[in-house]
Amino acid sequence: MTPDTTQNERATEETELLRRLITGARFVLFDFDGPICRLFAGHSAETVAKELVDWLGRQGLRGLLTEEERVHPDPMAVLYAVDGRHPRSDLVAELEERLTQQELKAVASAWPTAYADTLIRTWSAVGTRLAIATNNSPRTAAGYLAGRGLLECFAPNIYGRTQNLHDLKPNPHCLVRALNSMGAAREEALMIGDTPTDLDAARRAGVPFLGYARNEEKGKHLKEAGAECVVNSLEPVLGVVRAV
């Protein structure tokens with residue numbers, strides 16, 4: 001058996017697995033930032049994280065963060081750090097709201113993921129129920145979807161970050177809320193995400209998982225976490241939905 005033959009067989013197996021995942025899904029849960037858009041494409045997450053750190057400094061609270069946390073490029077890392085030291089506090093609530101405002105600002109310059117808009121409209125048109133399960137603010141997701149004319153494909157099933165950060169993925173809380181609101185059986189659902197935390201949340205919720213990886217590094221992380229089916233474009237997903 002040649003390497004080309006092995007590669008072709010592997011591609012055929014992955015295509016068949018993708019087809020099974022999609023044909024069995026009557027309810028589809030999307031992560032937001034990644035599978036639907038790149039939220040911080042034009043308003044960098046690193047800048048947002050710095051603004052949160054600077055705000056803490058102006059409150060005389062810079063010492064809440066370690067040196068590593070002060071320069072972390074992910075604003076969620078800042079939020080988690082403060083919540084770890086002052087859980088469910090007014091400070092966390094204020095910081096979470098400030099992050100939400102920055103996310104809402106980022107919506108205007110977010111980049112749509114290729115084929116996402118068409119996939120969402122097509123899936124919705126054939127009667128599949130759609131929901132958002134994200135660690136971003138649900139206000140951010142709703143604002144982006146409204147701007148793309150996609151809100152009616154999901155509303156009211158948009159679930160995301162609250163001030164209780166313990167409910168964020170990998171906790172399956174928002175997935176379970178979405179499933180329950182739609183009356184969805186776990187085996188008839190599908191979660192589309194781009195991080196190992198999405199995969200972990202789907203496993204804990206008992207939902208099949210489809211990984212989306214916009215680059216090799218994200219694909220590697222998903223595969224190492226145990227994702228069986230990973231696509232680097234939503235085009236083949238759209239192709240299967242249209243064929244079905």
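Residues are numbered from 1 along each chain as its sequence is written. In this predicted model, local features need pLDDT of at least 70, side-chain atom pairs count only at pLDDT 80 or more, totals for linings use all residues, and side-chain values use heavy atoms, with hydrogens and water left out.

**Aromatic pairs**

The structure holds three aromatic pairs. Rings of Phe, Tyr and Trp (its six-membered ring) pair if their centres lie within 6.5 Å; planes under 30 degrees apart count as stacked, over 60 as edge-to-face and the rest as tilted. Two of the pairs are tabulated here.

| Pair | Centre to centre | Angle between planes | Type |
|---|---|---|---|
| Phe-30 and Phe-154 | 5.9 Å | 80° | edge-to-face |
| Phe-32 and Tyr-144 | 5.6 Å | 70° | edge-to-face |

Phe-30 sits in strand E1 and Phe-154 in helix H8, so their pair ties together parts 124 residues apart in sequence. Helices (H or I, at least four residues) and strands (E, at least two) are DSSP runs, numbered from the N terminus. Both Phe-30 and Phe-154 are buried (under 20% relative accessible area, 1.4 Å probe, protein chains only). Ring pairs also link Phe-30, Trp-123 and Phe-154 into a cluster. Phe-32 has 0% relative accessibility and counts as buried. Tyr-144, at 3%, counts as buried too.

**Helix H7**

H7 spans residues 138-147, and its buried residues are Thr-140, Ala-141, Tyr-144 and Leu-145. They lie on the same side of H7, because they cover an arc of only 125° around the axis; the arc is that of the directions from the helix axis to the C-beta atoms. H7 is followed by Gly-149, whose phi is positive, near 70°.

How values were computed:
Buried means under 20% relative accessible area, exposed over 50%, partly exposed in between (1.4 Å probe, protein chains only).
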